[in-house]
Amino acid sequence: MIKLVYLAVIFSLSIATLNAAQVSITKSADGWQMTNGNIHVELIRSSQTVQLKSLHRDGGAEWAVAGTTIMASPDRSSNQYRFSEDVISDLPRDGKQLTLRFKSDSGGFLSLMLKLYPTGAVIELVTRLENLGQHDLLLNSHIDPLCFTVKNPSGDLKPYSSVQGQHGFQTAGNLSSAREFPDWVVLRNDATGESALIGGEPGLGILGWKATTHLSSAGIIVRAGTLLLKDKTSGPPPVFELAPGEAVETPVTFFALAKGDTDDAGNETFRYLKRYVFLTPLPDAPLVTYCIWLTEKNSEEPILQELKLARRVGFDVFYHDATWNEGASIIPGMNDWSKGLGDYNGNAEKFPHGLRNLSDAVHANGMKFGLWIDPGNVDAALVESGQIPVDWLAMIDGKTLGTTHPSLSPTKQLCLGDPKVVAWIKKQLGDLIEKYNLDWIKWDPSSTVSYECNRTDHGHRKTDGAYAAYLGRLEILRYLLDRFPNLSGFECDPALRYARVNPGPQRLLPGGYTNEFITGPMVSPNVWGSLATGGIGDAGTDTLTGRWYSASALDYYLRKHFTHGVTFGNINGMSSQFLSAAPAGYVEAFQRNLLFFKQYRHLLFEDVYHPKLGAAGWSSVQYVKEDSTESVVYIFRDKSEAADTTIRLRGLDMKAKYRVTSLNDRPGREKVLTGEALTSGISVHLPNEWLAKGDGGFNPEFTDQQNYGSDILLLKRLD
């Protein structure tokens, strides 16, 4: 197994001066008390173990069931871990850590690390397990640093988690039976008016994360942590083997408390992550990107022509998706993006003047340039030719991993847990970024089959291939960001650390990119000769076709995308999907929505709420600065039968006045309303009649577009 290198947080957001209390960890004869003035944790020693005595916000309700254990044994056997010692240490940014160490008779040495920072009602937990014995430790497929038993008086706790296609925490049934949550979860206590959020490292698409709840006579047992091995569809649960002298350390898991509902708990957590975990966003983030590619000779010419439109429309990033590499497909419209994959030289047939020439042209037009990469996979032909060593290939039970999609050249997967592969990828990507002056990379493991390589000649053992791959990919990201600190990009798989635009679950955190393409009205399957359907977006409308659309309908479609980072692209590598191939009215709609987006996008990394609306079939997302000075509110009528509703905004200063600008109105129609009035509820009518019908005769053929609409409100506090 690869020895674990402690991953320190190396960046933090520049934030306003905060009234942060000093972190205190006090040891007594009975146990320990931890506090930062926002959250209080009290632990006690009892019969060779450590128990939870108290867990609460400052002035808040008690969550802990006193006298319950805080240590979840990772062993598959019944080996008992006995408390042995503690260490109190300092962390960066004035944090402190309490390390509790436990030993088992089988040689297991477990360190449970509880971390506290000056701000936020959040406690962070990490588990490190070392094998000091003479035999393998047989572990569960998951290790849970978080093990709390919380009060559940009269069944008051209600769970909320993510739902596909919706933003924010959604209701998730009840806790009357054992539950498993593959995504972050909020436990809401309506009786006390408080919420607890349980979350952690998503795992880069390599490892997993889950939380479980079990009803006991005392309360709800909550466990959460890292999945080292994915569960199989059939057969016994997998076993993680830890060899003598080796160690495994989980990524971060955390527990946050907040007064209020799921949005309040989410904001408490997000503020903590911004200050102590996430990388610093680059200026003007989230950036709006044009992702372009073709499979044809001299694609340089049409791409440079499209670059002119991208500049006029206002994109921030213009980057080339797959097939930029030597050996890439030059057969038009066939979507074969894997041919030549693994060769990091530019394709001379596609770029007669060189790929650096395209990079220079993009920069000369005021945009950032980037490339698509899939470092963990290669064209099988490169292996057959000897360009890629066979020894680097990932295998499961002696069989190599790879894809054989009908439209693609066959691929083979590399093992990211192999130090030789990691070193090679670091060099290839470092040289690539430098050679072509890249600002942006899109790491897209499109042809990955499984990370659970069980070869034993890669520096890992049979059961820890995924864990080794996770550490390998983190090492690559660490190296790149150390060498190129302003590098950005689109990480298709989220991770809390070393991710610039997608650090966590995209449906739960503000500002990130979703793995989608916005394409014009002629998107496949409405494009002749297309091999695949269009990208699935979050617009909620039918796929746009060649029919007529009002300004209101186009704004609705685009604004759904502009609630987060935006990626436009020709998803199937066809020139008929270029933005320039769309009707001029669509291009104008995109351009105006992008113009507005740049006015409010700085708010998309702030607090996020989901305001209550008075009618069914409507939705809303609101971003608010933590100091309540600015806000942007998206309002959507999603084919509701009701054209009128009320919306109650949140996070505002009740005593202040706000200038309210509707993007459906022309300049000069701004209103001034108090925070109290906006919070109590304001009336909304959608669609805007003028934007939906125009000033000419309205054709009844398009009455279906009267059932949906949108508005964006910009709020600025008047001092």
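**Close-up 1. A charged side chain over an aromatic ring.** In this predicted model, the charged end of K560 is placed over the ring of F636, at 4.2 Å from the centre of that ring.

Close-up 2. D555 belongs to helix α7, which runs over residues 551–561. Is the residue D555 buried or exposed? With a relative accessible area of 4%, D555 is buried, because buried means under 20%. The side chain of D555 is joined to the side chain of N593 by a polar contact of 2.9 Å. When its neighbours within four places in sequence are left aside, D555 is in contact with R592, N593, L691 and S710.

Close-up 3. The structure has a count of 29 aromatic pairs. One of them is formed by W548 and F702, whose rings are tilted, with 4.9 Å from centre to centre and 50° between the planes. W548 lies in the loop between β30 (488–491) and α7, and F702 lies in the loop between α10 (689–693) and β40 (708–718), so this pair ties together parts that are 154 residues apart in sequence. W548 is partly exposed, with a relative accessible area of 39%, whereas F702, at 9% relative accessibility, counts as buried. Another pair, Y623 and Y634, is edge-to-face, with 6.3 Å from centre to centre and 80° between the planes. Y623 is in strand β34 (residues 618–624) and Y634 is in strand β35 (residues 630–638), and the two are eleven residues apart. Both Y623 and Y634 are buried.

Close-up 4. Side chains of opposite charge can pair when their charged atoms come close. The structure holds 40 salt bridges, and R128 takes part in a salt bridge with E249, in which the closest N and O atoms are 3.5 Å apart. This pair links distant parts of the chain, since R128 is in strand β9 (residues 122–131) and E249 is in strand β20 (residues 247–249), 121 residues apart. R128 also forms a salt bridge with E130, where the closest N and O atoms are 3.7 Å apart. How exposed are these residues, taking R128 to begin with? R128 is partly exposed, with a relative accessible area of 22%, and E130 also counts as partly exposed, at 22% relative accessibility. E249, by contrast, is buried, with a relative accessible area of 12%.

Close-up 5. Elsewhere, salt bridges that share partners join D261, D263, D264 and R650 into one network.

Close-up 6. Strand β22 (residues 288–292) is mostly covered, with five of its five residues buried. In a regular strand the side chains alternate between the two faces of the sheet. On one side of β22 are V288, Y290 and I292, on the other are T289 and C291, and both faces are covered, these residues all being buried. β22 pairs in the parallel sense with strand β31 (residues 566–569) over four bridges, and in this pairing T289 stands opposite T567 in β31. β22 also pairs in the parallel sense with strand β23 (residues 317–320), again over four bridges, and here Y290 stands opposite F318 in β23.

**Close-up 7. An open antiparallel sheet.** Strands of a sheet pair through backbone hydrogen bonds, either parallel or antiparallel. Five strands form an open sheet here, in the order β1-β2-β3-β4-β5, and their pairing is antiparallel. Which strands are the edge strands? They are β1 (24–27) and β5 (68–69), each of which pairs on one side only. Within the sheet, strand β2 (residues 31–35) and strand β3 (residues 39–46) pair in the antiparallel sense over five bridges, and the bridge partner of G31 in β3 is I44.

Conventions
Residues numbered from 1 in each chain as written. Predicted model: local features only at pLDDT ≥ 70, side-chain atom pairs only at ≥ 80, totals over all residues. Heavy atoms only, no water. Buried < 20%, exposed > 50% of the residue type's maximum accessible area, 1.4 Å probe, protein only. Polar contact = N/O pair within 3.5 Å; in protein donor to acceptor, adjacent residues only side chain to side chain. Contact = heavy atoms within 4.5 Å. Pairing = 2+ DSSP bridges. Salt bridge = Lys/Arg side-chain N within 4 Å of Asp/Glu carboxyl O. Phe/Tyr/Trp six-rings, centres within 6.5 Å; stacked < 30°, edge-to-face > 60°. Lys NZ or Arg CZ within 6 Å of the ring centre and 35° of its normal.
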